[in-house]
Amino acid sequence: MLHYIYADQLDNFPKLKRTMFLDRSDQFKTRLNWDVNVDENGEERDEYDALNPLYVIWEKPDGSHGGSMRLLPTTGPCMVNDHFLNLTDGVRIESPLIWECTRFCLARDAEPRTAAALMLAGGEVMTGFGVEHYVGVFDARMVRIYRLIGSSPEVLGSEGKGREQISVGLWSFTEEARAKVAERAGLDPAQSRAWFEAAFGSDAGAALVEFAQSA
């Protein structure tokens with residue numbers, strides 16, 4: 001199932017919390033060899049985890065992390081503006097209608113539908129909070145995954161070639177895209193919406209205000 005959890009709520013979900021940060025270490029440090037910080041407990045975190053981001057997490061049947069992504073508004077600190085302006089010709093992306101999606105992570109044994117389920121959840125956040133776009137930095141390996149899911153971004157800028165290429169992309173979420181992603185995830189859109197409303201209620205406006213004030 002899908003969870004929507006702010007960083008300051010993660011302690012209420014100890015197994016999800018622990019396994020998410022372990023899987024992030026496994027993916028970004030062990031498998032991809034990124035220059036990331038792994039603590040003495042084997043967990044990967046960075047400075048943006050301290051900003052009370054919203055995590056979207058797919059929970060496996062055993063209660064552990066299957067996949068996740070991290071969301072922050074671009075009106076505050078975010079990776080694309082702090083570290084990747086070279087990919088946007090120095091243009092900062094700042095708007096209350098654009099949020100950044102980072103740390104897209106899949107467990108080694110994640111179900112094939114997990115990536116699509118996370119994308120569907122991202123669409124729920126966009127619909128519920130009135131967000132128009134996500135922005136994010138991605139590497140070449142993700143291009144095929146996005147295409148398979150049915151949620152490819154508009155590329156704003158790239159650097160490098162082949163497997164070393166990194167890009168900044170901008171995502172929107174149409175009803176057509178929602179249908180494709182839901183089918184790929186094998187999820188009824190009504191169930192997806194119910195998980196979102198379980199976290200924020202049927203009126204997410206108050207939750208959005210709270211999130212914006214905490215960011």
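A residue is called buried when its relative accessible area is under 20%, exposed when that area is over 50%, and partly exposed in between, using a 1.4 Å probe and protein chains only. By that rule Thr88, at 11% relative accessibility, counts as buried. This is a predicted model, in which local features need pLDDT of at least 70 and side-chain atom pairs count only at pLDDT 80 or more, while totals for chains, interfaces and linings use all residues. Residues are numbered from 1 along each chain as its sequence is written, and side-chain values use heavy atoms, with hydrogens and water left out.

**Helices α3 and α5**

- Helices (H or I, at least four residues) and strands (E, at least two) are DSSP runs numbered from the N terminus, and among them helix α3 covers residues 114-129 while helix α5 covers residues 175-185.
- Two packed helices are described by the angle between their axes and the distance between the axes.
- For α3 and α5 the angle is about 145° and the axes lie 8 Å apart, where axes are lines fitted to C-alpha atoms, for helices over the stretch in contact, and angles run from 0 to 180 degrees between N-to-C directions.
- Contact, meaning heavy atoms within 4.5 Å, brings Ala116, Ala117, Met119, Leu120 and Glu124 of α3 to Arg178, Val181, Ala182, Arg184 and Ala185 of α5.
- By class, this contact of α3 with α5 has 7 nonpolar, no polar and 3 charged residues, where Ala, Val, Leu, Ile, Met, Phe, Trp, Tyr, Cys and Pro count as nonpolar, Asp, Glu, Lys and Arg as charged, and the others, Gly among them, as polar.

**The two sides of α5**

- Ala177, Arg178, Val181, Ala182 and Ala185 are buried in α5, and, seen down the axis of α5, its buried residues fall within an arc of 130°, so they line one face of the helix; the arc is that of the directions from the helix axis to the C-beta atoms.
- The cover over the buried residues of α5 includes α3, α4 (141-149) and α6 (189-200), whereas Glu176 and Glu183, on the other side of α5, are exposed.
- After α5 comes Gly186, which has a positive phi near 65°.

**Nonpolar cores**

- A nonpolar core is a set of buried Ala, Val, Leu, Ile, Met, Phe, Trp, Tyr and Cys residues joined through side-chain atoms within 4.5 Å, and the largest one here has 37 residues, with Leu2, Tyr4, Leu54, Val56, Leu71, Val125 and Phe129 having the most contacts inside it.
- Helix α3 gives the largest share of this core, 10 residues, and a second, separate core of 12 residues includes Tyr48, Leu72, Val135 and Leu170.

**Individual residues in loops and strands**

- Thr88 sits in the loop between α2 (79-83) and β4 (98-106), and, leaving aside residues up to four places away in sequence, Thr88 touches Ile93 and Val168.
- Asp109, in the loop between β4 and α3, is exposed with a relative accessible area of 55%, and its C-alpha is 7.5 Å in space from that of Gly66, although the two are 43 residues apart in sequence.
- Most residues other than glycine have a negative phi.
- Asn52, however, has a positive phi near 55°; Asn52 lies in the loop between α1 (14-31) and β2 (54-59) and is buried, with a relative accessible area of 14%.
- Arg103, which is not a glycine, has a positive phi of about 50°; Arg103 is placed in strand β4 and counts as buried at 10% relative accessibility.
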